[in-house]
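Me: Could you take me through the labels used for this model and show which cut-off stands behind each one?

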Amino acid sequence: MGFLAVCVFAVCCSCSCGLSGENEPVQTFVIPHSHMDVGWVYTVQESLHAYAANVYSSVTEELSKAKDRRFIAVEQEFFRLWWDTVSTDSHKRQVRELVKEGRLEFILGGQVMHDEAVTDLEDEILQMTEGHGFLYETFGVRPQFSWHVDPFGASATTPVLFALAGFNAHLVSRVDYDLKDTMQKKKKLQFVWRGSPSLKGKQEIFTHIMDQFSYCTPAHLPFSNSSGFYWNGVALFPDPPKDGVYPNMSLPVTKKTLRAYAQTMVDNIKQRAAWFRTNHVLWPWGCDKQFYNSSVQFSNMDPLMKYINQNSKEFGVTVQYASLSEYFQAIHHSNLVWELRGSEDFLPYSTEPYQAWTGFYASRNVLKGVARQASSQLHAAETLFTRYRISFPDGPVAKDWALDKLRALRWAVSEVQHHDGITGTESPKVADMYLRHLTQATMKVEELLAALILLPHNLDITSVLNNRYHRRGVHQTLEQHVIVYNPLAWNVTTVINVTVSFLNAAVFDEDGQTVPAQIQRSAQSNVTYDLFVVVELGGLQHRKYLIKFPDKPCTGRSKCGRTYGAEGVSFERRRVRDWTRTGRRLLPVLSECYKLMFDQDTNLLHSITYLEEKSRVRVTQDFWEYHANGDVKAGPISDNYMFSTNGSAARAYQAVEMEIVPGKIVSEVRQYFFRDESDKDYAYSITTRVPECFGTGARCRRLEQTYSLGPLHLNTEVVLRTATALKNNRTLYTDDNGYQMMKRPYRKFTNNTVARNYFPMVRTAYIEDEHSRLALVSDRAHGASSQASGQLEVMLHRRLWNNLPWNRGYNLTLNDTSVVRPTLWMMLGSVSGTSAHYQREAVELQHRPVIMPIDQPQRPWQEKEPRGSSPVRPVVLPPNLHLLSLSIPGWNYSSDHDVHLAHVHAGKDLHSEPDYDRVLLRIMHLFEEGEDPELSKPVTINLKEVLRGIGEVKVLQERSLTGTWDVASLQRWKWKTADKTENKGRGRCGDEAFTVTISPKEIRTFFVHFASKDF
Ligand SMILES: [Zn+2]
């Protein structure tokens, strides 16, 4: 139905707006919009109160007054808040009508306009799914166009995801200034983008880059000192003015000003028309925080447009209100052959030579970390709830109680993906808002996780929750239970770290067998101990462990089971100025994979040998600081967004201490970096954990490092520099959104070369030469660069202040005084050896086992669970496939589009009955074509078999990325390119109903129904 409607519309359109010839007037699509940041300077509540609610109230009323008016609604979080808490029944009726007529058009449809540089694809998909689910459920509509006008640079992952979501065209704006200039001159702002080198034409999408005016109307009126076509002026905080008169309202359109307005608009349209191949101009009418007083806006624009159309012959221009789809339909109808663009992205982004937007890759490290942890927690809870729901449909964890908790965290994780959210480019109070929403929702989900795992399935929920589950606290009895859950659909053997208060501990599994463990004084505190426990978990499996704390020191094995005590050896402080002779006394730390050598003359890492190929590489790691300028009069500054530096980084320390804790489970190397030789407290530290192997061989590849930084000195940007002997010619590889790797050759610029060679690293960065590759995978986003051959530096933390009035006015100077503790896993090996592993390691770092310590257990172990009860069956995918999503979204729409539309149009109350039986499943192939001889192959799996551990699959239906389309009915627009090769489209299910073949880099989405279990 939806597709038919689009076809009909396109045909109608062709009658009136066919391809215009040279002498035809320029056809202008005036697209009214309001860019509404979900955060940035003001909190969501402040924005909703000051202007955002008024945007939707007044636009709804104004659109209903005249048929030709249009508006595009972009950020769903504001729309939903308005819909649920502000709009009247009359508004709702009007909106439904306007949406049906296509006059109010939902574009993009995500909760926010997500950032593209520092977001992970899992979160991007989540936030789009959240918005799309609401729109489809409420209106039966599915957004088909993007409007990514403000993210700071464009990733090549975005066009792939939007294609997978069923979009027909993609629109971006912020790309490097000189590149945009060139594209503009050569009329190359529009092209067909094949964002993935593996998926190629299968998921290509027509892409429009906005011209130099970007998404705002021209800011200058030559006949007036007011700016732009903003008759409603500038939004006023905290309260809207009572009389409706806002500051800086433009001159009204009157007989006196009409001609001048028309001429200004026409001149601008003609200037832009010259940059495009067709005779159509997209003229965005709006900017940040506009249309809160739409009546003033439209009542001025109506007569202006009428006047231009009446004089279109003279002006050579026609104008019309348009939705974005009307514009793209016209372009599509032009039937031109478009240039193809491959998988290169538009990062980094500069607005002028000294304005390199590469600082935000590392701004607000804490927020970036909390956002990713919350996302992992959500994934764990979604998978666990899905499994619980299918196994115990009538279990004591109430489904609506559970869904409420999941929804709160979905909302919070979606919200922070905003391009002034996870980017760290917001004011401090807005950063606090995101953190508050994330932590509150995370705590609720922790309650849910505990309930799902701890509740015997026939008990009253509240009493159990009140009594049995306590978060990790300061009090500990002499016994502690720990539940460990593996949220991945792979079997994992790994080491978890439980912080305990006693030096002696023995660990037992569910069968009472002792478990290998290691205990030692914690690097972070003098009063706690790190207990490392080796855990083996099947895919989506949880296990319980019992830790007993003997009251006397362990003397024999019986007391402490298989727990080994480890003690540190300290090395004397070494001063940088004494580094005249180094490399004489090397100290090895060995694992099954590596031999690390530490230099006792410097206390730094000296070299790593990867034993598989007996290849030794010189590797040193330490901290360096860029000193930022804070005085705008003295030159370019660094701030939340920008990174600019006058020179190269300086060594951040004058002395280093080291402690090595050799162990049987892990060996830990603690390095402390002192700013001054005689400082008592260290400024930075690296804790490296070198794991021993327990049979699988895989785990020893990762060298886990946790760093401690902060509070930093003011105007300091700190990097971890890993210097190696690799001959990489300063070429770096970093990932776009954890989806694909991008080659980043070093480029020389006349100005600001250091900053313009910084790139976002969401999950992975590596350098390589023909023999070896050094890869880092990360638990949060950072900036990365290779400033000298063999170097890989990661910007971990920034603290800045400057006197630029704009920055100070909005509180965007980034005086971030926090202490941060990011984690990276380092891997070294041959190029082919690391190719087979780094993607999976990056996923494993993101989705580490969830550890739930339960203090004060109320009953002895044996009474909790009958002895010998087998753990739930594992769910295991092949090593190159990642279980991206397994959740119960709780939507209440019919999977049959026609049936759903009939419901929507019948005005059924749609929010009463979430569907608890429809499971959303996403599987992603982690490898690129040709990346690995085995793992890059397409994989065929039988989903009935794979999911047998959860239940019996009855129905499987393939859907679009956000779930709203049945892929069988999804037909995206085809755009002509010079490439004649036939695009086969996505692979279909195999002959057998539940057999699916997943090709390199594919993401496949399904609705799954399981057979009901009656107990
Ligand atoms: Zn914005």
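Reply: Helix α2 (residues 44–63) and helix α3 (residues 76–85) have axes that come within 9 Å and cross at roughly 75°. Helices here are DSSP runs of H or I with at least four residues, strands are E runs of at least two, and both are numbered from the N terminus. This is a predicted model, where local features need pLDDT of at least 70, side-chain atom pairs count only at pLDDT 80 or more, and totals for chains, interfaces and linings use all residues. Residues are numbered from 1 along each chain as its sequence is written, and side-chain values use heavy atoms, with hydrogens and water left out.

Me: What makes α2 roughly perpendicular to α3?

Reply: The crossing angle of roughly 75° is set against these classes: under 35 degrees is roughly parallel, over 145 roughly antiparallel, 65 to 115 roughly perpendicular, and the rest oblique. The pair therefore counts as roughly perpendicular. The axes are lines fitted to C-alpha atoms, for helices over the stretch in contact, and angles run from 0 to 180 degrees between N-to-C directions.

Me: Which residues make the contact of α2 with α3?

Reply: With contact meaning heavy atoms within 4.5 Å, α2 brings V44, S47, L48, A52, A53, Y56, S57 and T60, while α3 brings E77, F78, F79, L81 and W82. They divide into nine nonpolar, three polar and one charged. Nonpolar covers Ala, Val, Leu, Ile, Met, Phe, Trp, Tyr, Cys and Pro; charged covers Asp, Glu, Lys and Arg; the others, Gly among them, are polar.

Me: How do you know which residues coordinate the zinc ion?

Reply: Donors are N, O and S atoms within 2.8 Å of the metal (3.2 Å for Na, K and Ca), and water is not among the atoms, so sites may look incomplete. H35 (NE2), D37 (OD), D150 (OD) and H419 (NE2) coordinate the zinc ion at 2.0 to 2.1 Å. Along the chain, the donors follow the spacing H-x1-D-x112-D-x268-H.

Me: Why is the arrangement around the zinc ion called irregular?

Reply: Four donors count as tetrahedral if all angles lie between 85 and 135 degrees; four count as square planar and six as octahedral if opposite donors are over 155 degrees apart and all others between 65 and 115; anything else is irregular. The four donor atoms subtend angles of 90 to 160°, which makes the arrangement irregular.

Me: Why are H35 and D150 called buried?

Reply: Buried means under 20% relative accessible area, exposed over 50%, and partly exposed in between (1.4 Å probe, protein chains only). H35 is at 1% and D150 at 4%, so both count as buried.

Me: What makes N248 partly exposed and N752 buried?

Reply: N248 has 42% relative accessibility, so it counts as partly exposed, whereas N752, at 7%, counts as buried. N248 lies in the loop between β6 and α8, and N752 in the loop between β31 (740–744) and α17 (753–756). Phi is near 60° for N248 and also near 60° for N752.

Me: How do you know that N880 is buried?

Reply: Its relative accessible area is 5%, so N880 counts as buried. N880 is found in the loop between α21 (861–864) and β39 (881–887). Not counting residues up to four places away in sequence, N880 touches M924, H925, L926, F927, L935, K937 and V939.
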